[in-house]
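Let us take a walk through this structure together.

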Amino acid sequence: LGNVHEREDGTYGSDDRTRELRDLSFVHRRHLGPMQMTTDTALLVCSMVMEEAKQLAEIPWIDSPEIADAAAAGAENGTGEPSDCVCMEGFRYVARRGHGGEWEPALPRGMKELLIRDANNDIL
């Protein structure tokens, strides 16, 4: 699944594609950390580091977020609590404050709806 696999201890790792560079004696390589990021998130982080001169340690993160469909919640279970969600295990997102002040993943416009809609598709 996208170059990421789950280890026995529940953490996630990659298939170490930069090994080819190390084998060719490229000593210096740059990476954005041990967690997988979507392309959108990686580009946002690169922009924050390069254009805003932020250190990675200064960026707020959400690891393996659950992205909930709050719009459908009230109609489905009447409690106001989300009933449908997508867990993005193994992925890291830049965090931002939501409307209620809670931390949420920074997603491109329309991505939350796409993730919720695609969660209903059978992949087998």
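**A guided look at the chain**

With 58% relative accessibility, A53 counts as exposed, because that word stands for over 50% relative accessible area, while buried means under 20% and partly exposed covers what is in between (1.4 Å probe, protein chains only). You will find A53 in the loop between α2 and β3 (61–63). Its phi is positive, about 55°, although A53 is not a glycine. S64 sits in the loop between β3 and β4 and is partly exposed, with a relative accessible area of 26%.

Before going on, a word about what you are looking at. This is a predicted model, in which local features need pLDDT of at least 70 and side-chain atom pairs count only at pLDDT 80 or more, whereas totals for chains, interfaces and linings use all residues. Residues are numbered from 1 along each chain as its sequence is written, and side-chain values use heavy atoms, with hydrogens and water left out.

Now step back to the whole protein chain. It has four helices and seven strands, where helices (H or I, at least four residues) and strands (E, at least two) are DSSP runs numbered from the N terminus. The protein chain has 124 residues, and buried ones make up 23% of them.

Next, look for the charged pairs. The structure holds two salt bridges, each being a side-chain nitrogen of Lys or Arg within 4 Å of a carboxyl oxygen of Asp or Glu. In one of them, R92 pairs with D63, and the closest N and O atoms are 2.7 Å apart. R92 belongs to strand β6 and D63 to strand β3, so this pair ties together parts that are 29 residues apart in sequence. R92 is buried, at 15% relative accessibility, and D63 is partly exposed at 37%. A salt bridge also joins the side chains of R96 and E104, at 3.1 Å from N to O. R96 is partly exposed, with a relative accessible area of 39%, and so is E104, with 24%.

R96 and E104 lead us on to a pocket. On a 1 Å grid over the protein atoms alone, a pocket is an open set of points where a 1.4 Å probe fits, with protein on both sides within 12 Å along at least five of seven lines; lining residues have an atom within 4 Å of a point. The second largest pocket has about 450 Å³ of space. It is lined by 19 residues, and R96, E104, P105, L107 and K112 are the closest to its centre. The elements giving two or more residues to this lining are β4 (66–68), β6 (92–97), β7 (103–105) and α4 (111–119). Sorted by class, the lining has seven nonpolar, four polar and eight charged residues.

Finally, turn to the surface, where L21, L24 and F26 form a nonpolar patch with about 310 Å² of accessible area together. Such a patch takes residues with over 30% relative accessible area and no salt bridge, and joins nonpolar side chains within 5 Å; accessible areas come from the Shrake-Rupley method with a 1.4 Å probe. L24 lies in the loop between α1 (19–23) and α2 (39–51), and at 61% relative accessibility L24 counts as exposed.

Definitions and conventions. Points joined across faces, edges and corners; volume = space filled by probe spheres on them. Nonpolar A, V, L, I, M, F, W, Y, C, P; charged D, E, K, R; others polar. Patch = residues over 30% accessible without salt bridge, like charges linked within 9 Å, V, L, I, M, F, W, Y side chains within 5 Å.
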